[in-house]
Amino acid sequence: MSDDLLAVITAMEQEAKAVFPDGEKGELKGLPVLKGTLKNNQPYICLIAGVGPMKAAAGTLELCRLSPAIILSIGVSGGLAPSLKAGEAVVGTSIYSGIPGIESWNESDADAEARKKYLPQLNSYNFGRLMGVAGPVMDAAEKSRMHAESCALAVDMESLAASNIAKGHNTPFTVVRAVSDCSECSLPEVVMKSLDEDGNTRVWPIIKAMLKKPSLLFSLIRLGRDYSKALKKLGEVFK
């Protein structure tokens with residue numbers, strides 16, 4: 001295992017650039033990465049895996065092959081706990097599985113020790129349970145149901161798969177998620193339709209939806225504002 005390499009995995013390029021705005025672009029097995037050195041001279045590599053558990057698993061596997069000191073899954077998420085607002089972040093100490101066939105994950109002593117050693121700045125964050133799912137959670141009522149079922153603070157599609165791959169390769173793992181849509185927020189259907197498989201936004205579906213329903217503009221403005229808050233929070237992790 002490398003004594004100092006920090007391996008980071010995100011789903012989307014926007015997340016990676018928020019965390020590492022000065023990262024040098026490169027590739028790892030055909031996947032885009034950002035590379036560089038932190039202020040404490042610790043080298044990092046941030047792999048942009050794409051959206052969803054399958055891509056997260058494949059990307060984490062490639063990072064495990066680098067034998068890093070720790071793998072950090074980081075990105076935006078949907079809030080499940082009513083107390084958690086847009087722009088707040090959670091360090092996951094466990095991930096409840098909402099995906100059949102994938103086990104829930106709990107932070108081990110080795111995970112916690114590596115997190116405290118390599119990411120001590122996370123000590124000031126909220127700690128708690130996350131929930132992993134296979135698809136986007138669009139509806140506020142569904143978020144409420146998931147919170148009641150799991151007691152999770154937030155939900156995402158990648159961290160559960162990533163955690164299981166890291167665990168299977170005896171690689172320390174931790175996860176940070178910043179809330180981009182809070183528990184009472186339902187997402188317009190066009191939000192997901194406008195994203196390609198890599199998480200990049202396509203403008204034309206949004207324009208067409210607003211032409212049919214101009215009132216969508218207000219929801220999209222609010223969502224954009226909250227998404228920016230989440231990205232800003234991610235950008236504070238290594239400052």
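**Figure 1. Contacts across the whole protein chain.** In this predicted model, residues 24 or more positions apart make up 76% of the contacts in the protein chain that have a separation of 6 or more. The chain contains 8 helices and 10 strands. Of its 239 residues, 51% count as buried.

Figure 2. The buried residues of α2 are P53, A56, A57, G59, T60, E62, L63 and C64. What do these buried residues pack against? Their partners are the strands β1 (6-10), β2 (24-28), β3, β4 (43-48) and β5 (70-79), together with the helix α5 (159-168). An α-helix has 3.6 residues a turn, so residues three or four places apart point the same way.

Figure 3. You can find F20 in the loop between α1 and β2. Is F20 buried or exposed? F20 counts as buried because its relative accessibility is 4%, and the cut-off for buried is under 20%. Leaving out residues up to four places away in sequence, F20 touches V8, L34, L38, Y44, C46 and F238. Between the C-alpha atoms of F20 and T37 the separation is 9.8 Å, and these two residues are 17 residues apart along the chain.

**Figure 4. The second largest pocket.** The largest share, 3 residues, comes from α1. Sorted by class, the lining of this pocket has 7 nonpolar, 3 polar and 4 charged residues.

**Figure 5. The largest cavity.** Searching the whole structure for cavities of 30 Å³ or more turns up 1 cavity. The largest cavity contains about 50 Å³ of space. Its lining is made of I9, T10, A11, E15, A56, S73, I74, G75, E158, A162 and R177. The elements that contribute two or more residues to this lining are β1 and β5, and β5 gives the most, with 3 residues. By class, the lining of the largest cavity divides into 5 nonpolar, 3 polar and 3 charged residues.

**Figure 6. Two loop residues with positive phi.** Most residues other than glycine have a negative phi. In S67, however, phi is near 50°, a positive value. This residue sits in the loop between α2 and β5. With a relative accessible area of 33%, S67 is partly exposed. Phi of C151 is also positive, near 60°. Where does C151 lie? Its place is the loop between α4 (140-150) and β9 (154-156). C151 is exposed because its relative accessible area is 54%, and exposed means over 50%.

Definitions and conventions:
Residues numbered from 1 in each chain as written. Predicted model: local features only at pLDDT ≥ 70, side-chain atom pairs only at ≥ 80, totals over all residues. Heavy atoms only, no water. Helix = DSSP H or I, 4+ residues; strand = E, 2+ residues; numbered from the N terminus. Buried < 20%, exposed > 50% of the residue type's maximum accessible area, 1.4 Å probe, protein only. Contact = heavy atoms within 4.5 Å. Nonpolar A, V, L, I, M, F, W, Y, C, P; charged D, E, K, R; others polar. 1 Å grid on protein atoms, 1.4 Å probe; cavity = no way out; pocket = protein on both sides within 12 Å on 5 of 7 lines; lining within 4 Å. Points joined across faces, edges and corners; volume = space filled by probe spheres on them.
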